[in-house]
Amino acid sequence: MVKKRDKMKLQHVYLIAILFLISCNTSEKKGTSVSDSNTKDSLAYTPSEIKSEMLRSWNAYKTYAWGKDVLLPLSKSGFNWYDQSLGISPIDAYSTLSVMGLDKEAKEIENYALSMNWDKDVYVQVFEVNIRILGGLLAIYDISKNPDILKKAIDFGDRLLPAFQSPTGIPYHSVNLKTGLTSGNNGKGDGTIVNTAQAATYLFEFGILSYYSQNPVYYQAAKKASLAIFQRKSKIGLPGDFINVETGEWTNNWSYLQAGMDSYYEYLFKSNLLFPDPEINDIWEYSLEKINQYYSDEYEGRQFYACVDMNTGEIVKRSMSLYDAFFPAIQALHGDLENAEKNMATWDWLWNKYRLLPTRYLYEEDKIEYANSELNPEIIESAYYLHQLTGKEKYLKMIQKYWADIKDCCMNETAFHAVSDVRTMKEKDYLATYFYAETLKYFYLASVDKKEFNFHNYVFNTEAHPFKKSNFDPSKAKTYLGIN
Ligand code: DMJ
């Protein structure tokens, strides 16, 4: 079947050929090609289009999955991560509905969050619920200033704290929200083995929770976990990717930017933007140097970041996962635009190969390792940051292309759906909660005016919940977070 987008492209080719025959000299003189302006015009979208797609997808959740964690858009039903629902989609969706000015829908979620009772006898993944539920609740509070929401966030944070009571201070994989017992299973043991992102992606949300509750206990727990990872770096200065939270021994010695380590690095950088902490900032600066020294891999003229051995720095696998597309955003915000732009060009190249990113791709072998795509946000996030920070039109065009491709492959009568293989675009019955929290938010923000949302005034958590910098006074933060 010829895809809609392919048909559009064919029409453009004919149009361009005709225009070229008629007036090739003129277009050469102007220095802009006809194809450029055609592509731009045909792919441009308006904020109201994204807003109405958000509303349509949100209403689909309400119709078919209300009260469940996730919408299954093909079977038109819902799905819970655990035995009981944690309301993950609604809590994740709030900040996007709110930035879009969909206040009635946002208020509905605020009330829903107030009705949640966290005293649930379920083991939850500490990492996942921290970025989505605690991050989501804090975003609701940051925007609504409803003190009862803050109480809900504190209650939730208190229920995560027992996970950090390990001999190393690194949290166990899972914690029971009711009993505080730790356990769970991530497929590698009994909950004592976690990956580095699960170990140390807490500085940001726990910092905000400490700030608003004026109780350093949360930030201090998060900081202890991040320090525990950093202090166990190898002789050449790299952390590994899996660790035993009780013995502090690495159980795997690979090191990379991909899922499993990504947000450890992200939070070393981002938490400093809200809560300057010299100790964490030094660790970030040190880590960035090591990333550039060891992960950076210029291969066949493109900038990649490889998987390396934490002890030798040797490349063990030339692969990229769609999650590490977050890194150009971090590089750009840090001020390294040169590397950010090179890195972004590589992600865009991979997107153009498949018109979506596969979950993992082996660039040396030119082969897909995991072919599914859950409509993840990272590549859009990075293009958005680069557009904001360089002002270059080409990044907006990339975002417009990503939106056109996502509509083409993955929009259905219900909402949107994931795909199980980017080569065949086979539909998958799942709509990740971060599609609401992140993917649609970045598309929307990329298309609105600075007056509506000024990128420079916010810092986003790893789930794209935006926090206004002016809400946090750095001198108060020192006391509230216990920063020396
Ligand atoms: C999100 O849940 C977060 O961004 C997380 O850090 C990893 N990536 C997913 C979306 O791809």
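**Around the ligand**

I began with the neighbours of the ligand in this predicted model. The residues around the ligand are Ile131, Arg132, Tyr323, Asn376, Pro377, Glu378, Tyr434, Glu438, Thr462 and Glu463. I sorted this shell by type and got four nonpolar, two polar and four charged residues.

Glu438 has a polar side-chain atom 3.1 Å from an oxygen atom of the ligand. For Glu463, a polar side-chain atom lies 2.6 Å from a ligand oxygen atom. With Thr462 I had to look at the backbone: an N or O atom there lies 2.5 Å from an oxygen atom of the ligand.

How much of the ligand does the protein bury? Taken alone, the ligand exposes 300 Å², and the protein buries 93% of that.

I then checked which elements take part.

I moved on to the space itself. The ligand takes up the space of the largest pocket. I noted a volume of about 820 Å³ for this pocket. It is lined by 34 residues, and the closest to its centre are Phe127, Glu128, Arg132, Tyr323 and Tyr434. Arg132, Tyr323 and Tyr434 were already in my list around the ligand.

Which element gives the most to the lining? I found α6, with four residues. Others that supply at least two residues each include α8 (196-199), α11 (262-274), α15 (378-390) and α17.

Last, I sorted the lining of the largest pocket: 12 nonpolar, 11 polar and 11 charged residues.

Technical notes. Residues numbered from 1 in each chain as written. Predicted model: local features only at pLDDT ≥ 70, side-chain atom pairs only at ≥ 80, totals over all residues. Heavy atoms only, no water. Near = heavy atom within 4 Å. Polar contact = N/O pair within 3.5 Å; in protein donor to acceptor, adjacent residues only side chain to side chain. Areas by Shrake-Rupley, 256 points an atom, 1.4 Å probe, with all protein chains shown as cover. 1 Å grid on protein atoms, 1.4 Å probe; cavity = no way out; pocket = protein on both sides within 12 Å on 5 of 7 lines; lining within 4 Å. Sits in = over half its atoms within 2 Å of the grid points. Nonpolar A, V, L, I, M, F, W, Y, C, P; charged D, E, K, R; others polar. Points joined across faces, edges and corners; volume = space filled by probe spheres on them.
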